[in-house]
Amino acid sequence: MLDYVAGLPAFLGYFVIGLAAYAVFAVIYTRLTPQKEVELIRAGNLAAVTAFLGALIGFSLPLASAVAHSVSVVDYIIWVVIGILAQILAFYIANFTMKDLHEKISSGDIAAGLWGGGIALVIGILNAACMTY
């Protein structure tokens, strides 16, 4: 019976590190953006929800790829950091390619939220694919 859960310690280790990585990413992302995501989301701003979820999903793809392809916990953590850096790049690309992106998101412009979240998702997909060494 114990053979069935032999991988549980490794699962728990990677899972806890993954949850911590989400927390670190969320803190960095919300500090990086000029708008107050949590306040906007609580107020029902769909543009902010879309942009933030796009960033979280965009980060989750390389995070999952890193778990699947890492050779150790240290290797996993290194690729998590690279995933965070790629999502920071996505933030700057989205901001550069749409004038007043954050003001538009703050005012509830759904197209701006989709643009920001979509760019984060696209960068996340590319990043995850590049981690399949």
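1. The largest nonpolar core holds 30 residues, and F25, Y29, F59, V80 and I105 have the most contacts inside it. Such a core is a set of buried Ala, Val, Leu, Ile, Met, Phe, Trp, Tyr and Cys residues joined through side-chain atoms within 4.5 Å. Buried means under 20% relative accessible area (exposed is over 50%, partly exposed in between; 1.4 Å probe, protein chains only). At least two core residues come from each of α1 (8–32), α3 (46–69), α4 (73–97), α5 (101–106) and α6 (110–130). α3 gives the most, nine residues. Helices are DSSP runs (H or I, at least four residues), numbered from the N terminus.

2. The model is predicted: local features need pLDDT of at least 70 and side-chain atom pairs 80 or more, while totals for chains, interfaces and linings use all residues. Residues are numbered from 1 along each chain as its sequence is written, and side-chain values use heavy atoms, without hydrogens or water.

3. Beyond its neighbours within four places in sequence, F25 is in contact (heavy atoms within 4.5 Å) with A55, L56, F59, I84 and Q87.

4. The α3 and α6 axes (lines fitted to C-alpha atoms over the stretch in contact; angles run from 0 to 180 degrees between N-to-C directions) come within 7 Å and cross at roughly 5°. That makes α3 roughly parallel to α6, a term for angles under 35 degrees.

5. H102 lies in α5. H102 is buried, at 7% relative accessible area. Leaving aside neighbours within four places in sequence, H102 is in contact with T33, P34, Q35, F91 and N95.

Terms used
Angles under 35 degrees count as roughly parallel, over 145 as roughly antiparallel, 65 to 115 as roughly perpendicular and the rest as oblique.
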